[in-house]
Amino acid sequence: MKKFLAAAIAGLGLAVTATAVSAQAPATLAQVKSRNILNCGSNTGLAGFGVPDAQGNWVGLDVDYCRAVAAAIFNDPAKVKFIPLSAKDRFTALQSGEVDLLVRNSTWTMSRDTSLGLLFTGVNYYDGQGFMVRKKLGVTSALQLSGASVCTQQGTTTELNLADFFRANNLKYEVVAFASSDETVKAYDAGRCDAFTTDASGLYAERLKLTAPDDHMVLPEIISKEPLGPSVRNTDAQWFNLVKWVHYAMLNAEELGVTKANVDEMLKSPNPEIKRLLGVEGKFGEGIGLTADWAYRIIKLVGNYGESFEKNVGQGSLLKIARGQNGLWTKGGLQYAPPVR
């Protein structure tokens with residue numbers, strides 16, 4: 001009995017200590033404000049999602065997400081430091097505090113959600129894994145790739161999905177894996193493998209880097225679910241909610257017809273949903289540590305989700321990816337945001 005009580009008291013002491021340490025740890029939002037800049041983990045360079053342009057300015061769908069968070073906090077979308085991270089290093093950088101959030105075409109999976117000390121805040125791009133081949137190969141389906149060599153990147157869900165697909169279809173293949181996406185693309189372009197596999201969005205982006213893009217085609221099969229989204233450490237509920245609601249604000253804005261161009265006019269709208277979103281009514285920003293006009297800042301300085309999508313990966317971009325499952329739920333897509341209420 002004495003041993004049991006001693007163990008219980010010791011356990012209670014550890015719990016109290018852990019709680020005290022947690023309580024003393026500065027919140028992420030406070031750290032970001034004190035630093036006066038947001039550290040955002042980004043891709044090393046993926047067209048449409050995260051890449052420096054000719055002037056060295058970061059652009060892309062994921063980049064816009066980071067800028068939207070900065071706009072909500074600072075009223076300045078430029079207050080972001082983009083830290084390029086490889087697939088292998090991305091989660092370690094977030095865990096260690098090197099970055100405040102990770103917005104880098106990362107797939108939300110159960111193991112990542114439960115074993116890395118991270119939380120995914122949502123899905124800003126619904127994707128799926130596909131294959132790209134040279135047209136001269138004469139292949140029109142991934143099911144014709146038996147015996148093929150396939151280039152892929154190490155340490156990604158892509159490598160695991162590749163093995164599952166070929167095993168499930170009783171096909172033989174040779175994997176040619178590389179540490180970085182750049183190495184993988186260069187190897188495929190140099191003819192070191194018959195096919196290249198990654199997320200379908202990535203295939204459209206990487207195809208632009210090839211010596212002769214028109215000589216290559218993306219096969220029709222999508223072999224996996226790849227919900228891509230931002231992630232944060234699981235130790236700060238307020239920061240988790242802030243990052244999550246930035247995405248929801250951009251979606252709700254699109255659904256309500258609030259754009260970068262008309263947001264000032266929409267401040268006068270009689271629609272109660274728009275009033276709450278833009279901070280004309282209510283104090284919904286307080287719950288995430290921000291002012292009432294937090295969503296107004298995002299839309300005014302970055303735009304709504306549809307504007308960001310079309311500019312970076314949609315019809316206004318070189319990728320020209322259809323909205324498809326990334327359309328709003330009102331238009332047959334999967335993008336759906338809870339209401340500001």
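Here are some questions and answers about this predicted model.

User: How many residues of helix 8 are buried?
Analyst: Helix 8 covers residues 200-207 and is mostly covered. The buried ones are Ala200, Ser201, Gly202, Leu203, Ala205 and Glu206. So out of eight residues in helix 8, the number buried is six.

User: And which elements do the buried residues of helix 8 pack against?
Analyst: One of the partners is a helix, namely helix 7 (181-189). The others are strands: strand 7 (125-127), strand 8 (129-134), strand 11 (195-199), strand 12 (216-218) and strand 13 (226-228).

User: What volume does the largest cavity have?
Analyst: Searching the whole structure turns up three cavities of 30 Å³ or more. For the largest cavity, the volume is about 310 Å³.

User: Which residues are closest to the centre of the largest cavity?
Analyst: The lining of the largest cavity is made of 26 residues. By class, 15 of them are polar, seven charged and four nonpolar. Closest to the centre are Asn105, Gln153, Thr156, Thr158 and Thr198.

User: Which element gives the most to the lining of the largest cavity?
Analyst: Elements that give two or more residues are strand 9 (148-153), helix 6 (157-168), helix 7, strand 11, helix 8 and strand 13. The top contribution is four residues, and it comes from strand 11.

User: Let's turn to the rings. Is the pair of tryptophan 108 and phenylalanine 120 stacked or edge-to-face?
Analyst: There are 12 aromatic pairs by the ring rule. In the pair of tryptophan 108 and phenylalanine 120, the ring centres are 5.8 Å apart and the planes meet at 10 degrees. Planes under 30 degrees apart count as stacked, so the pair of tryptophan 108 and phenylalanine 120 is stacked.

User: How many residues apart in sequence are the parts that this pair ties together?
Analyst: Tryptophan 108 sits in the loop between strand 5 (101-102) and helix 5 (110-115), while phenylalanine 120 belongs to strand 6 (residues 118-120). Tryptophan 108 is partly exposed at 32% relative accessible area, whereas phenylalanine 120 is buried at 3%. The parts they tie together are apart in sequence by 12 residues.

User: What about phenylalanine 131 and phenylalanine 166: stacked or edge-to-face?
Analyst: Their ring centres are 6.3 Å apart, with the planes at 80 degrees. Phenylalanine 131 is in strand 8 and phenylalanine 166 in helix 6, so the pair ties together parts 35 residues apart in sequence. Phenylalanine 131 is buried at 0% relative accessible area, and phenylalanine 166 is buried at 0% too. Planes over 60 degrees apart count as edge-to-face, so the pair of phenylalanine 131 and phenylalanine 166 is edge-to-face.

User: Which residue lies over the face of phenylalanine 309?
Analyst: Phe309 is in a cluster linked by ring pairs, together with Phe49, Tyr125 and Tyr305. At 5.1 Å from the ring centre of phenylalanine 309 lies arginine 323.

User: How far from the ring centre of tyrosine 188 is the charged end of arginine 134?
Analyst: The charged end of arginine 134 sits over the ring of tyrosine 188. Its distance from the ring centre is 4.4 Å.

User: Last one: is threonine 121 buried or exposed?
Analyst: Threonine 121 is found in the loop between strand 6 and strand 7. Beyond its neighbours within four places in sequence, threonine 121 is in contact with Tyr65, Pro230, Val232, Phe240, Val243 and Lys244. The cut-off for buried is under 20% relative accessible area; threonine 121 comes in at 4%, so it counts as buried.

Definitions and conventions:
Residues numbered from 1 in each chain as written. Predicted model: local features only at pLDDT ≥ 70, side-chain atom pairs only at ≥ 80, totals over all residues. Heavy atoms only, no water. Buried < 20%, exposed > 50% of the residue type's maximum accessible area, 1.4 Å probe, protein only. Contact = heavy atoms within 4.5 Å. 1 Å grid on protein atoms, 1.4 Å probe; cavity = no way out; pocket = protein on both sides within 12 Å on 5 of 7 lines; lining within 4 Å. Points joined across faces, edges and corners; volume = space filled by probe spheres on them. Nonpolar A, V, L, I, M, F, W, Y, C, P; charged D, E, K, R; others polar. Phe/Tyr/Trp six-rings, centres within 6.5 Å; stacked < 30°, edge-to-face > 60°. Lys NZ or Arg CZ within 6 Å of the ring centre and 35° of its normal.
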